[in-house]
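I opened this entry to record what I looked up about helix packing and ligand surroundings. The notes follow the order in which I checked things.

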Amino acid sequence: MQEKQPKPPLLLLSSQLSLQNRGYEVTLNSAFLSWKEVETRQKRTAANIYGPLKAAGSHYVPVCEIISVQETEEDCPSTGIGKWQKVPQSLAESNQYAFTVSYVERTQKHRWRCSEVTLHCTDRTLCLQWVQAIREQLSLLTIRPKRLLVYINPYGGKHRGKRIYEQKVAPIFSRASISTDVIITERANHARDHLKTEADLKKYDGVVCVGGDGMFSEIIHGLISRTQCDSGVDQNRADETLIPCSLRIGIIPAGSTDCICYATVGSNDPVTSALHIVVGDSQPMDVCSIHHNNTFLRYSVSLLGYGFYGDVLTDSERKRWMGPARYDISGVKTFLSHHYYEGTISFLPADENVGTPRDKLQCRSGCNICRLPSADKQVSKDEESISDTEKKGVWQVIRGKFLAINAACMSCACPRSPKGLSPAAHLANGTADLILVRKCSRFDFLRHLLRHTNKDDQFDHPFVEVYRVRQFRFTPRYEETDSELELREAEGSGRKRFFSQICREHPACTCSLAHSSWNCDGEILPHAAIQVRVHCQLIKLFARGIEEQSVFEEPYTLSAI
Ligand SMILES: CCCCCCCCCCCCC/C=C/[C@@H](O)[C@H](COP(=O)(O)O)NC(C)=O
Ligand SMILES: Nc1ncnc2c1ncn2[C@@H]1O[C@H](COP(=O)(O)OP(=O)(O)O)[C@@H](O)[C@H]1O
Ligand SMILES: [Ca+2]
């Protein structure tokens, strides 16, 4: 969400202050704080001696990226340290009053840092005037959270959640005057149950989870269920329009994959995430609901994968003690086992106005596709953004033998796969990308998998299909009704029917009737036959989507030459 700012920005305060014993023209308007070095006679002379004249640097910090301002206590005035530049006597002696502004600084790979500038004033009244003026501007940013409920999974990833929070995040929250209630979880589903039934949510402006995708999943289950319960919406009905959650969620990455954080922020760096929370970012996000015969099973925001990713997860759960490396070991093992699964997928394709999975354009901060007028409304977004043709329900049906069936509600970019499972998927367009990988050779499957880690197109294989969908259903062959099977087996030979019969009675068999499980954001689902529906913008994160490269190439710190 954008802050409303008057145009042109209103000049609020302008003074000559000093920074590292040099004079600066410091200006605050309703949009920016800026400081620009004032050229001194000495500098001009020195520059003439030592080389070409370099004009002074200008720095601009948008007010919405200022974290805090405080009066700086200094015992004695700072002294000049410049080698050739003599500090004017008056500046050095009289600038013992100072204030420090902390602000967001962009570094490489979408990372943010907390930077500081300390400006010295000639008298205390001026110093306090500056502190007050900046604080007043910050108080107008009502989108910023003041009270947060924090859940820490001490066992996520490399078991560093608690330390990451205490050392890197809590100091930033405290500097930004954000108060927190912190709960360190004692068991799986502790955070979910607390949010669902106990937490006094009115007290908070947001919920923060410190952990991985599994922990985030707990938080959304708690929040979504609570919101539906409070509004009398029955989650078990697959056709219900769900009520969006009002509290924003912040993710401090401390898990194994951290794909939800990586795909919404562009990095899995705890400090960056903390700063996105402090500035009060807001990124809406689609959520899939998963049902089995009108019974609600789970919600998913990242990967919903049957076959390969389901099997990787099932195997990796036994290796939790290994930490994040478990996915690599189980990945290799599952790849070598090369199981395929037979079943039927039916899906409701989305209109092309929400993009296609083969688009070159990716979902980025301020994405136009996610901002389509129909997706703007606060309620019933999923219903209203569906066009007439989609409403008519032209379902497509695909039968086959698959190595993997994946649904990605967003790109699923993560450090392991920087462009993700579906690079063109959108965070908030009300659709998921359904990726079908048909039975192929081990060599071909390996080529497909490896393309997730480089720039090549992982969908550009004859055995891979990808569709942008609003809903889909899957039925594994062994669960298809007798009439469906009989119809299909009538098409095949009697011999095939005989073996199918045997396999159905021996589910451990590794042929086409073997079972897999769904990997739902890193949790194993108990059912193979599921129906899935995307709910447009059901939740909001303290994030802004991945910023375009140009945004973090120093747009505001202009070192003028
Ligand atoms: C043989 C070479 C294989 C390279 C394959 C690279 C493909 C990587 C695609 C990764 C997509 C990850 C989607 C994220 C899923 C998470 O929700 C889930 C749970 O993450 P968590 O453990 O909670 O952090 N992680 C996994 C691996 O299932
Ligand atoms: N205190 C706890 N003890 C054990 N398990 C927990 C605890 N808190 C959360 N969990 C569970 O741990 C699982 C993994 O958490 P997550 O933070 O996603 O780490 P990872 O990314 O390493 O899988 C989640 O399913 C979550 O429900
Ligand atoms: Ca989406």
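I began with helix α9, residues 308–317, and its packing against α10. The two axes come within 8 Å and cross at roughly 125 degrees. Angles from 65 to 115 degrees count as roughly perpendicular and those over 145 as roughly antiparallel, so I logged α9 as oblique to α10. I also noted the hand of this crossing, and α9 passes α10 right-handed. I am working from a predicted model throughout.

Next I took the pair α5 and α6. Helix α5 covers residues 190–198. I found an angle of about 15 degrees between α5 and α6, with the axes 8 Å apart. The cut-off for roughly parallel is under 35 degrees, and α5 is therefore roughly parallel to α6. The crossing of α5 and α6 is right-handed.

I read the hand of the α4 and α8 crossing as right-handed.

I then turned to ligand 1. Which residues come nearest to ligand 1? I listed Asp213, Gly214, Thr257, Tyr327 and Asn519, out of 19 residues around the ligand. I went through the polar contacts of ligand 1 one by one. A polar backbone atom of Gly214 is 2.9 Å from an oxygen atom of ligand 1. For Thr257, a backbone N or O atom lies 2.8 Å from an oxygen atom of the ligand. Asn519 uses its side chain, where an N or O atom is 2.8 Å from an oxygen atom of ligand 1. How much of ligand 1 does the protein cover? On its own the ligand has 740 Å² of accessible area, and the protein covers 87% of that. I checked which elements give two or more residues to the shell around ligand 1, and these are α6 (213–230), α10 (326–337) and α13 (442–450). By class I noted seven nonpolar, eight polar and four charged residues in this shell.

I noted 20 residues around ligand 2, of which Gly157, Thr185, Gly212, Glu218 and Ser256 come nearest. The side chain of Glu218 has an N or O atom 2.3 Å from an oxygen atom of ligand 2. Met215 has a backbone N or O atom 3.1 Å from an oxygen atom of the ligand. A polar side-chain atom of Arg326 lies 3.2 Å from an oxygen atom of ligand 2. Ligand 2 has 570 Å² of accessible area on its own, and the protein covers 87% of it. Which element gives the largest share of the shell around ligand 2? I found that α6 does, with four residues. I sorted this shell by class into four nonpolar, nine polar and seven charged residues.

I have α6 down as packing with α5, as giving two or more residues to the shell around ligand 1, and as giving four residues to the shell around ligand 2.

Key
Residues are numbered from 1 along each chain as its sequence is written. Chains are lettered from A and ligands numbered from 1 in the order in which they are written. This is a predicted model: local features need pLDDT of at least 70, side-chain atom pairs count only at pLDDT 80 or more; totals for chains, interfaces and linings use all residues. Side-chain values use heavy atoms; hydrogens and water are left out. A residue is near a molecule or strand if one of its heavy atoms lies within 4 Å of it. A polar contact is a pair of N or O atoms within 3.5 Å; within protein, one must be able to donate a hydrogen and the other to accept it, and residues adjacent in sequence count only if both atoms are side-chain atoms. Accessible areas come from the Shrake-Rupley method with a 1.4 Å probe; for residues, only the protein chains shown count as cover. Ala, Val, Leu, Ile, Met, Phe, Trp, Tyr, Cys and Pro count as nonpolar, Asp, Glu, Lys and Arg as charged, and the others, Gly among them, as polar. Axes are lines fitted to C-alpha atoms, for helices over the stretch in contact, and angles run from 0 to 180 degrees between N-to-C directions. A crossing is left-handed if the near helix is turned anticlockwise from the far one by less than a right angle, and right-handed if clockwise.
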